Structures are given as structure tokens and as C-alpha cells.
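Me: Please take one part of this model and look closely at what surrounds it, then go on to the other local features. I would like the cut-off behind each term as it comes up.

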Amino acid sequence: MSDPYASRPAVHEQTVGGFGTVRVLPLDPAADAPLLHRWVSEERAVFWGMNGLTEQQVLDVYAHMETLDTHHAYLLVKDGEAAGLLQTYEPEADRVGECYPVEPGDIGMHLLLAPPEPGGSRSGWTAGLAAAVTAYLLLGLDRRRIVVDPDVANEKAITRFARQGFVTGPRVVLPEVDLPDVYLPEKRAQLAFLTREVAFGG
């Protein structure tokens, strides 16, 4: 099968043993919006906060993010297949920065995995993608700690992060954001943190 993403430059590429090759590509809002719209419209993605948006609205969100220096979006591609959406942010430039003491070297992360094929089984999928993302953020970008803020009701994500070595932090209430280009409702979140020492030793 040919790789439809082969011509797009990656900011990180890593072969994860027993899983495959993961490439981290800067998001192309126009090209990727149809795919992302399918992902975020599913019930399983309700905590992503985009259920009910049109494809054009999804495109607009990521086109706006592309103009920011503090927030970035990436498409994760495994062996030529779109596998997930990664968003990173500077915590001090995000509402989460109002809810915990930000340390130098922190980077925030949101991760949405692609839905499995109908009837498909994906053993090791989460761990394989997480290994590449963690290496990119902590080693590639030379950061000291990853911060995540899943919804307190998203027990699946909270459990997944704990399995990856994230240490649970406080439960917080992220304030509503109401700006001309962005609206985010108030969110009860469970903070969790993964340091470079825990992820890679040393």
C-alpha cells in the first residue's frame, strides 16, 4: 500500500520495536480536516470537545491554531496510516497554567487516537504511539515534563496515562475561555505529569 503521507516532512520519525514506524507530521488543516472531522465527531471522542462541529469549523479551529506560536497540532502516521492527532501547548499560555505551578521545561499535550477499523483489534497501539510521542516531546523538543489534563469523567484516558508512567496530580477546574476565535467551556480536569527521568531514566 502506498503511503499518502510520504511526501510530507516529519518533525520526528521513530521505529518502535514490535509496533512499526511512527512519523509526527505538522498538521495540514485543509488536507487533514475531513479525516479529523470524522474522528472528532464520533461518540468516543466526546471529551475532545468537537462533537457537532462541521468539517469547516474543524478546519477553522486548526487553521487558527496554525497562527499561534504556543499551540501546535500534528498528525501521527504509523506505517503510512493516519493513527492519531497530537496537540501540544505551552502551559503558561493556556488555561491550565492558571491551575498549577508551571515549571521551566513543561509542555502540555492532548492526544486523540484514530478509531480502530470495525472489528479490528489493536494490541499495543496506544503504547506504541505514546512511545514515539514521548520521545519527540521530551527528547526531540528537549522538555523536562509533559502535562496532561483529561476530563475527570474520562476514566479511560486517566488510566491510560497512569499505565504510561504519568503521576497523578490535582483535580482542577479549568476556567471557561470565551474569545473571538476560541470558545472552551469550563472543564473539570485531572492533571497528570510525566518527567523525562521517569520516561527515560537518568
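Reply: The cover over the buried residues of helix 2 includes helix 1 (29-40), strand 3 and strand 4, contact being taken as heavy atoms within 4.5 Å. This is a predicted model, in which local features need pLDDT of at least 70 and side-chain atom pairs count only at pLDDT 80 or more, while totals for chains, interfaces and linings use all residues. Residues are numbered from 1 along each chain as its sequence is written, and side-chain values use heavy atoms, with hydrogens and water left out. Helices (H or I, at least four residues) and strands (E, at least two) are DSSP runs numbered from the N terminus.

Within helix 2 (residues 55-65), the residues Val58, Tyr62 and Met65 are buried, a term that stands for under 20% relative accessible area, with exposed over 50% and partly exposed in between (1.4 Å probe, protein chains only). Viewed down the axis of helix 2, its buried residues fall within an arc of 50 degrees, so they line one face of the helix; the arc is that of the directions from the helix axis to the C-beta atoms. An α-helix has 3.6 residues a turn, so residues three or four places apart point the same way.

The structure holds four aromatic pairs, where rings of Phe, Tyr and Trp (its six-membered ring) pair if their centres lie within 6.5 Å, and planes under 30 degrees apart count as stacked, over 60 as edge-to-face and the rest as tilted. One of these pairs joins phenylalanine 19 and tryptophan 125 edge-to-face, at 5.9 Å centre to centre and with 80 degrees between the planes. Phenylalanine 19 lies in the loop between strand 1 (12-16) and strand 2 (20-26), and tryptophan 125 in helix 3, so this pair ties together parts that are 106 residues apart in sequence. Phenylalanine 19 counts as buried at 15% relative accessibility, as does tryptophan 125 at 9%. Tyrosine 74 and tyrosine 136 form another edge-to-face pair, with 5.7 Å centre to centre and 75 degrees between the planes. This pair links tyrosine 74 in strand 3 to tyrosine 136 in helix 3, 62 residues apart, and both tyrosines are buried.

The ring of phenylalanine 19 also has lysine 78 over its face, at 4.9 Å from the ring centre; for such a contact, NZ of Lys or CZ of Arg must be within 6 Å of the ring centre and within 35 degrees of the ring normal. Aspartate 79 is partly exposed, with a relative accessible area of 45%. A positive phi, near 55 degrees, also belongs to aspartate 142, which is placed in the loop between helix 3 (125-140) and strand 6 (145-148) and is exposed, at a relative accessible area of 53%.

Elsewhere, the charged end of arginine 160 sits over the ring of phenylalanine 161, 5.5 Å from its centre. Glutamate 197 is found in helix 5 (residues 196-200) and is partly exposed at 35% relative accessibility. The C-alpha atoms of glutamate 197 and leucine 138 are separated by 9.7 Å, although these residues are 59 apart along the chain.
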